[in-house]
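Student: I would like to learn to read a helical model, beginning with a charged side chain. Where do we start?

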Amino acid sequence: MTLKARINEDVKAAMRARDAKTLGALRLLLAAIKQKEVDERIALDDDAIVAVIGKMLKQRRDSITQYAAAGRKDLADAEQFESELLSAYLPASLSTEELVEVVSHAIAETGAASPADMGKVMAQLRPGLAGRADMSEVSRLVKMRLVAGA
């Protein structure tokens, strides 16, 4: 079953269960997917949908931080719920050890030796890690390894 079909089935299940909160979050996700398909005039595959979900999760994390700083716990909780719901559609995350290993392999493969080579390493890592790791954490690891190696 494709990711899009799974999301559609979950929308139907939320409708049957009369779960308005879940239904609203899933409809936002479907709207974002549909918008991307219309903008690019293509049908999104699972990898592209994972990228859309990743973008939405990043927005949710930023919103949670902003709402918490403003003292709006109710809005932060709503964003947290949506964040957890969206995370369920992402592939299994890599552990820190696995992430370090992947970063080390990419650095060796690209021949990166200094922080100036960070772009090459990130370009190689991004496609394989999309949705499986927080790219800001990956960037931090790459930078740390390249600075230590220089």
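Tutor: Start with Arg-60, which counts as buried because its relative accessibility is 9%. Buried means under 20% relative accessible area, exposed over 50%, and partly exposed lies in between (1.4 Å probe, protein chains only). This is a predicted model: local features need pLDDT of at least 70 and side-chain atom pairs count only at pLDDT 80 or more, while totals for chains, interfaces and linings use all residues. Residues are numbered from 1 along each chain as its sequence is written, and side-chain values use heavy atoms, with hydrogens and water left out.

Student: Which residues does Arg-60 touch?

Tutor: Contact means heavy atoms within 4.5 Å. Not counting residues up to four places away in sequence, Arg-60 touches Leu-28, Glu-79, Glu-82, Ser-83 and Leu-86.

Student: Where does Arg-60 lie?

Tutor: In helix α3. Helices (H or I, at least four residues) and strands (E, at least two) are DSSP runs, numbered from the N terminus.

Student: How many residues does α3 have, and how far does α3 reach?

Tutor: The expected span of a helix is 1.5 Å times one less than its number of residues. α3 has 24 residues and reaches 35 Å from first C-alpha to last, close to the expected 34 Å. Just after α3, Gly-71 takes a positive phi of about 75°.

Student: Which residues of α3 are buried?

Tutor: First the general idea. An α-helix has 3.6 residues a turn, so residues three or four places apart point the same way. Now the case here. The buried residues of α3 are Ile-49, Val-50, Val-52, Ile-53, Met-56, Leu-57, Arg-60 and Ile-64. They pack against α1, α2 and α4.

Student: Which members of the largest nonpolar core touch the most other members?

Tutor: A nonpolar core is a set of buried Ala, Val, Leu, Ile, Met, Phe, Trp, Tyr and Cys residues joined through side-chain atoms within 4.5 Å. The largest here has 21 residues; Leu-3, Ile-7, Leu-29, Ile-33, Ile-49, Ile-53 and Tyr-89 touch the most other members. Two or more residues come from each of α1 (3-17), α2 (20-40), α3 (46-69) and α4 (73-87). A second, separate core of 16 residues includes Val-103, Ile-107, Leu-129 and Leu-141.

Student: What does Tyr-89 touch?

Tutor: Leu-3, Arg-6, Ile-7, Asp-10, Leu-26, Leu-29 and Ile-53, leaving out residues up to four places away in sequence.

Student: How many helices and strands does the protein have?

Tutor: Seven helices and zero strands. Buried residues make up 31% of its 150 residues.
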